[in-house]
Amino acid sequence: MQLLQIDTIHVVARSPYLVLFSRLGDYPVQRLDQALAKGHLFESWAHETCLAPMADLALHRSYNLHARRHWGIARGEEDHARQRVKLDALLARIEANGAVKSSDFERSDGESGGWWGWKDEKRWLEALFAKGELMVARRENFQRVYDLAHRVCPALTALALPTAAEVHQRFIEKSILALGITQARWVHDYFRIKPRLKDTDLDPLVWDRERALAMFDFAYRIECYTPQAKRTYGYFVLPILHRAQLIGRLDAKAHRTQGVFEVKALFLESGIQLDSESVYQVARAIHRCAAWHATPKVELARTSPVGLRARLRKALQSALSDISIEV
């Protein structure tokens, strides 16, 4: 995939872990965090914040330094210009005392947190990360642990950055490798080479809306950023891939404390009809996802078409003896 997008929303699972589950099945979630901590992967601004192979570090650093115009990098550059003294002091602290998390610093402005209500130190850490002076050494409870870039990647001091032309060529090659089947005009969006297209989140299979529509006749949008009254399918809607076709979507929520995997709604695409074997496969996919989350009790609310609910419920009850169903 070349890139694995990071997102904080976790009504089911945070997107990097969920994308890997959709491709690998039941895998130990800690493997991804271990790969980051061991230096096999690194975090970078790409189309959004992403994990990428450490072998691609020079490509991303070169592109972020010379060409990428992402809001995260632009915001970091603004803080660099305004707060250089503070940034230098923070770097000196990390140099002397080791890696830090944002939570290591107490908030002093009396404000609450939230997605963008960052304390000063969080902004400064992100500015230093955006400029490449800090890297993410590991994550603890999903919190970034920042350290000096050369300590996270000792080879960085001798790393030769490729030219803009070399980066452009390699990103095109990597985009085609990741996409597999693509029109030429879809290639640039994978690494945000200009011009870009509108995008969504989660799995690269569906993040380019135009590509998903053209290849699968599937109009997809994650509606968590859409006001509730304007949502069509639900807050966190996941596509259902079956036999190389996107056949539907479901709105799910994992209640980890209660051990419940709630399927609030499941919708088939217009014209899709499932035989008994396909219904069983969809039921198995729901079960596998629920079990991987350690939320083995499945609650199935409503479906479209309405009759699918009874068929799915029966498939779960008959085929999966280790899962309980509540409706």
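**Entry 1: the second largest pocket**

I began with the lining of the second largest pocket, whose residues divide into 23 nonpolar, 4 polar and 4 charged. I note here that the model is a predicted one. For the volume of this second largest pocket I recorded about 900 Å³.

I next asked which residues of its lining lie nearest the centre of the pocket. They are S22, R23, P239, I240 and L241, out of 31 lining residues.

I then looked up the elements that give two or more residues to this lining, and found α1, α8 (164–179), β6 (237–242), β7 (245–255) and α11. Which of the elements supplies the largest share of the lining? I found that α11 does, with 6 residues.

**Entry 2: the packing of α1 and α11**

Helix α1 covers residues 15–24 and helix α11 covers residues 276–292. I noted an angle of about 135 degrees between the two, with their axes 11 Å apart. The crossing in which α1 passes α11 is right-handed.

**Entry 3: the residues in contact**

Which residues make the contact between the two helices? On the side of α1 I listed Y17, L18 and F21, and on the side of α11 I listed R288, C289 and W292. Sorted by class, this contact of α1 with α11 has 5 nonpolar residues, no polar ones and 1 charged residue.

Technical notes
Residues numbered from 1 in each chain as written. Predicted model: local features only at pLDDT ≥ 70, side-chain atom pairs only at ≥ 80, totals over all residues. Heavy atoms only, no water. Axes fitted to C-alpha atoms, helices over the stretch in contact; angles between N-to-C directions. Helix = DSSP H or I, 4+ residues; strand = E, 2+ residues; numbered from the N terminus. Left-handed = near helix turned anticlockwise from the far one by under 90°. Contact = heavy atoms within 4.5 Å. Nonpolar A, V, L, I, M, F, W, Y, C, P; charged D, E, K, R; others polar. 1 Å grid on protein atoms, 1.4 Å probe; cavity = no way out; pocket = protein on both sides within 12 Å on 5 of 7 lines; lining within 4 Å. Points joined across faces, edges and corners; volume = space filled by probe spheres on them.
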